[in-house]
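Visitor: I am new to this structure and would like a close look at a single part of it. Please take me through the aromatic rings and their surroundings.

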Amino acid sequence: MEPITHPADAGADDWQVAGTVLRGRFLLGTAGYPSPGTLSRAIATAAPAAVTVGLRRALAAGADNGFVATVARAAEAVGARLLPNTAGCRSAREAVLLAQMARELYGTAWIKLEVVGDEHTLQPDPLELVAAARELVRDGFVVWPYCTDDLVTGRRLLDVGCPVLMPWGAPIGSGQGLINPFALRTLRERLPDAVLIVDAGIGAPSHAAQALEMGFDAVLLNTAVAQAREPVAMARAFRLAIEAGRTACRAGVIARQDFAVASTPVAGDAFLIGPA
């Protein structure tokens, strides 16, 4: 397997959440892979800053079926943090209880908070989400809330102590990409100092690159890699697209224009190409 490489100035582009330094702008889910080996190779290729794991899956398996250990080993090999999630919860109370169990099982206070409010779209419930976040922050958790692209909800989550926001690009698993770029740009512009991560709905590497070009700090995805025909190759494609999008953002993407702007000067001093 090819070695994982990073830009020469990657150290200067490290980012932090709650005082923890993270390297790389890719966060990867771990559900739905065709085999544990494929999952491990995808993590090795993606070299994510963090990998998400669902507590419900571990509990449903009864005794440990090796999944947790597999993910932990693969994450440790690339220096990725474990980020347990409360996927499947429908109320703040349920999410808080699951988060507390996740802290015991995975040995981390980091939690990706999910509280679903609609069964069809799996859209987060803003009221239950804020309530759960408030309680978990008070209990010492580092809360990563999965939310919509609503600015007011985002502010409420930051106000209760969340160090990061994770607005959706589109409904979970839909692969539609960034369906509301205006709302996402508004979040980025109105919350310039917040850590913002596009989570859910990303289907292609170009979607991830777009999010990074817009100034988002990272992207989190799962289905687009896990359900690809070749998950490991797709993990590499996303890693490269994310690096390209981040580099483009730092380099300065030119502003869009509603009219043509000549790239070759047509006025001023003339010049010749080639011998005089």
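Is W110 buried or exposed, and what is its relative accessible area?

Guide: This is a predicted model, and in it W110 has a relative accessible area of 4%, which is under the 20% cut-off, so W110 counts as buried. A search of the whole structure finds two aromatic pairs, and W110 belongs to one of them, with W144 as its partner. The centres of these two rings are 5.2 Å apart and their planes stand at 45 degrees, so the pair is described as tilted. The pair links distant parts of the chain, since W110 is in strand β6 (residues 110-113) while W144 is in strand β7 (residues 142-147), 34 residues apart. W144 is buried too, with a relative accessible area of 0%.

Elsewhere, K112 lies over the face of another ring, that of Y146, at 5.5 Å from the ring centre.

The other aromatic pair is formed by F26 and F238, and this pair is likewise tilted, with 6.3 Å from centre to centre and 40 degrees between the planes. Here again distant parts of the chain are linked, with F26 in strand β3 (residues 26-28) and F238 in helix α10 (residues 231-251), 212 residues apart. F26 counts as buried at 3% relative accessibility, and F238 is buried with a relative accessible area of 0%.

Key
Residues numbered from 1 in each chain as written. Predicted model: local features only at pLDDT ≥ 70, side-chain atom pairs only at ≥ 80, totals over all residues. Heavy atoms only, no water. Phe/Tyr/Trp six-rings, centres within 6.5 Å; stacked < 30°, edge-to-face > 60°. Helix = DSSP H or I, 4+ residues; strand = E, 2+ residues; numbered from the N terminus. Buried < 20%, exposed > 50% of the residue type's maximum accessible area, 1.4 Å probe, protein only. Lys NZ or Arg CZ within 6 Å of the ring centre and 35° of its normal.
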